[in-house]
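Visitor: I would like to learn how to read a fold from its computed features. Please take me through one case.

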Amino acid sequence: MVPLMQDVGNELSITQRISLRRPAMPKAMAKIAAVITAHPTAPVELTITELADQAGTSAATVTRFCRAIGFDGYTQFRVGVAAESGRGDAGTTWRTDIADDIGQDDPADRVLLTLLGLHTRSMEITTGLLDLDDVQLVARAISEARHVDIYGVGGSGVIADEFRGRLYRIGVNAHSWSDVHDGLTSAVLQDGSSVAVGISNTGRTEETIEMLSHARAAGALTVAITTDADSWLASSADVALITASGNPAQRPDDLSIKHAQLLVIDLLYVLVAQRTLGQAATRLAASAMAVSAHRRSSSPLEEPRPHRTKESTR
């Protein structure tokens with residue numbers, strides 16, 4: 001069943017909803033409307049990132065577009081489009097939304113080996129793409145920085161948070177931002193003693209580009225982590241660290257992309273820790289001690305059993 005907009009009735013198709021809303025849409029959302037009007041089945045065939053790329057906008061804008069025409073998100077929107085276009089069968093849904101190179105009835109061992117191959121290959125490609133001179137330049141700058149800003153939206157925001165947490169534990173004054181208003185507020189306060197890192201798979205996420213651009217204008221050394229060396233994000237940065245792009249057979253979000261990004265931030269973390277070894281060791285020991293009381297012993301058999309009173313056995 002197609003979700004309904006609050007102010008329109010059941011009789012309106014998705015095409016009609018878009019037509020009704022389009023005149024009042026912001027420019028970025030209107031671009032998405034134009035793509036879908038020209039190619040009505042595009043949402044069935046494209047991931048949210050691919051549709052955003054086609055429209056020259058961001059995944060976050062696609063989500064806002066979906067909500068503007070009455071859907072909770074992109075997944076619900078795709079289901080609605082598939083239902084209206086008669087392409088909502090299970091086979092199509094599997095190939096479009098799960099994987100093209102894994103069968104619906106494949107045994108677990110084959111699924112595991114296929115995924116292992118994809119994830120391993122992603123990290124191998126990333127290893128070949130990385131310029132280690134650039135990586136070491138960034139690590140040195142982070143280790144000496146007064147402040148490090150890390151920007152990312154959606155899935156890249158999770159990576160940004162992970163990077164911030166790792167750096168903070170070894171004494172680096174790092175903050176991560178996924179909200180563009182908060183990120184911009186921080187970005188304009190940076191200077192030549194700061195480092196700003198923008199993370200985006202496609203390198204076309206508007207919010208991340210905007211935050212990184214403002215940090216660069218304020219004087220910070222700017223770093224892009226992206227799959228596209230020619231992207232807007234890469235061109236907005238002083239240094240671009242390139243990771244493997246996703247496998248189009250894995251939809252809608254190839255997690256091997258995240259593993260490639262994690263490989264890069266882990267590499268930077270270790271190189272920064274090498275440069276700040278004394279400080280890093282002290283901070284790690286302090287943080288480990290702080291949380292040690294909240295960790296149980298290694299084996300449940302070593303846990304002391306609670307003393308049982310007469311009242312507890314009644």
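**Reading the fold**

Guide: Start with contacts across the chain. Of the contacts in the protein with a separation of 6 or more, 69% join residues 24 or more positions apart. Keep in mind that this is a predicted model.

Visitor: How many helices and strands does the secondary structure have?

Guide: There are 15 helices and 5 strands. As for burial, 41% of the 314 residues count as buried.

Visitor: What does Ile-142 touch, not counting residues up to four places away in sequence?

Guide: Ile-142 touches Val-148, Phe-163, Leu-167, Val-172, Val-195 and Val-272.

Visitor: Now strands. How do I read the two faces?

Guide: In a regular strand the side chains alternate between the two faces of the sheet. Take strand 3 here. Ser-194, Ala-196 and Gly-198 are on one side, and Val-195, Val-197 and Ile-199 are on the other. Both faces are covered, with these residues all buried.

Visitor: Why is strand 3 described as largely enclosed by the rest of the structure?

Guide: Because 6 of the 6 residues of strand 3 are buried. The cut-off for buried is under 20% relative accessible area.

Visitor: Which strands pair with strand 3, and in which sense?

Guide: Strand 1 pairs with strand 3 in the parallel sense, over 6 bridges. For landmarks, follow single bridges. Asp-149 has Ala-196 of strand 3 as its bridge partner. Gly-198 has Ala-224 of strand 4 as its partner.

Visitor: Loops next. Is Thr-243 buried or exposed?

Guide: Thr-243 is buried, at a relative accessible area of 1%. Its place is in the loop between strand 5 and helix 14. Leaving out residues up to four places away in sequence, Thr-243 touches Thr-126, Leu-129, Ile-225, Thr-226, Thr-227, Ala-260 and Val-264.

Visitor: And a helix residue? Where does Ala-55 lie?

Guide: Ala-55 lies in helix 4, residues 48-55. With 8% relative accessibility, Ala-55 counts as buried. Set aside neighbours within four places in sequence, and Ala-55 is in contact with Lys-31, Ile-32 and Val-35. Check distance in space against distance in sequence as well. Ala-55 and Ala-28 are 27 residues apart in sequence, yet 8.0 Å apart in space, C-alpha to C-alpha.

Visitor: Last, pockets. Which residues line the second largest pocket?

Guide: The lining consists of Gly-56, Thr-57, Arg-204, Glu-206, Ile-209 and Trp-232. The volume of this second largest pocket is about 150 Å³.

Visitor: How many nonpolar, polar and charged residues does that lining have?

Guide: The lining of the second largest pocket has 2 nonpolar, 2 polar and 2 charged residues.

Terms used:
Residues are numbered from 1 along each chain as its sequence is written. This is a predicted model: local features need pLDDT of at least 70, side-chain atom pairs count only at pLDDT 80 or more; totals for chains, interfaces and linings use all residues. Side-chain values use heavy atoms; hydrogens and water are left out. On a 1 Å grid over the protein atoms alone, a cavity is a set of points where a 1.4 Å probe fits but cannot get out, and a pocket is an open set with protein on both sides within 12 Å along at least five of seven lines; lining residues have an atom within 4 Å of a point. Grid points are joined across faces, edges and corners, and a volume is the space filled by probe spheres set on the points. Ala, Val, Leu, Ile, Met, Phe, Trp, Tyr, Cys and Pro count as nonpolar, Asp, Glu, Lys and Arg as charged, and the others, Gly among them, as polar. Contact means heavy atoms within 4.5 Å. Buried means under 20% relative accessible area, exposed over 50%, partly exposed in between (1.4 Å probe, protein chains only). Helices (H or I, at least four residues) and strands (E, at least two) are DSSP runs, numbered from the N terminus. Two strands pair if DSSP finds at least two bridges between them.
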